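Here is a brief report on one protein chain. Please look over the sequence and the structure first.

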Amino acid sequence: MKNTLTKVLTIVALCLFSAIAITAIVLAIVKRDYNQVVNSDVISIEVKKAGASNVYLKDDTEEENRTVFNDLLNKYYQGTKESILSSLFQGAYSSDAEAEVVKTTTTVSSLSASSEVFYLRFYFGPEQTLKINNKVYEDTRLTTLDKTVKFKSVILKVENNTTLNKVTMYIVDSSYPSTSYYQVKYTTHHSALFDYIEDLEYPGL
């Protein structure tokens, strides 16, 4: 009887251990996507480093430019994905980590790049409607019948974040291309993107 009980407990323990191990492996493999706003409609990317800037087109005639465009976009997407397990350890599943819209007026000219902060401006082909967590964002303050926020470009603040942190994306108003009335703050880690921009060597950068 004692041996039978021991065997049963051993089997139960092994099953529990296996379940925990499988769960941990799945959580370490499956990634959560924190991306906001940026999508396949991007047609060009402007890079702003200290004292210089350059624009890279999706369909540029120069292969080198197209390569940089694709690299920038891929590095961006890379920084918006993190395994569920790592996200949990970094506290990125708390309510504080949720994407949010901040209504703050900022002029594009005031966003000055430095050796520690770069900026990427994503230009879209068709006009975009602001969506946060896949839901259309509406601003009740707008006096127009349509309360949705429209834009054709956004500016991302790129810092050397090796862990998940909230970054700022400035939504540039379609009607006033030199002004951002909204900021989207969401979780990413863009150290790889920062390093890539830092190492860019090209006329103007």
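## Confidence

This is a predicted model. The chain averages a pLDDT of 80, and 75% of the residues score at least 70. Over residues 12-30 the pLDDT is below 50. Beyond near neighbours in sequence, that stretch has 10 contacts in the model.

## Helix 4

Helix 4 spans residues 191-199. Its buried residues are Ser191, Leu193, Phe194, Tyr196 and Ile197. Their cover includes strand 2 (42-49) and helix 2 (63-79). Strand 7 (117-129) and strand 10 (150-159) also contribute to that cover.

## Ser110

Ser110 sits in the loop between strand 6 (106-107) and strand 7. Its relative accessible area is 43%, so Ser110 counts as partly exposed. The Ser110 side chain reaches the backbone oxygen of Thr107 at 2.6 Å. Thr179 is 69 residues away from Ser110 in sequence, yet the two lie 9.8 Å apart in space, C-alpha to C-alpha.

The largest pocket has a volume of about 360 Å³. Its lining has 20 residues, with Asn35, Gln36, Val37, Asn133 and Asn134 nearest the centre. Strand 1 (31-33), strand 7 and strand 12 (179-188) each give two or more residues to this lining. By type, the lining holds eight nonpolar, eight polar and four charged residues.

The second largest pocket has a volume of about 270 Å³. It is lined by 14 residues, and Leu142, Thr148, Lys150, Asp173 and Ser175 are the closest to its centre. This lining divides into five nonpolar, five polar and four charged residues.

Conventions:
Residues numbered from 1 in each chain as written. Heavy atoms only, no water. pLDDT = per-residue confidence, 0-100. Contact = heavy atoms within 4.5 Å. Buried < 20%, exposed > 50% of the residue type's maximum accessible area, 1.4 Å probe, protein only. Helix = DSSP H or I, 4+ residues; strand = E, 2+ residues; numbered from the N terminus. Polar contact = N/O pair within 3.5 Å; in protein donor to acceptor, adjacent residues only side chain to side chain. 1 Å grid on protein atoms, 1.4 Å probe; cavity = no way out; pocket = protein on both sides within 12 Å on 5 of 7 lines; lining within 4 Å. Points joined across faces, edges and corners; volume = space filled by probe spheres on them. Nonpolar A, V, L, I, M, F, W, Y, C, P; charged D, E, K, R; others polar.
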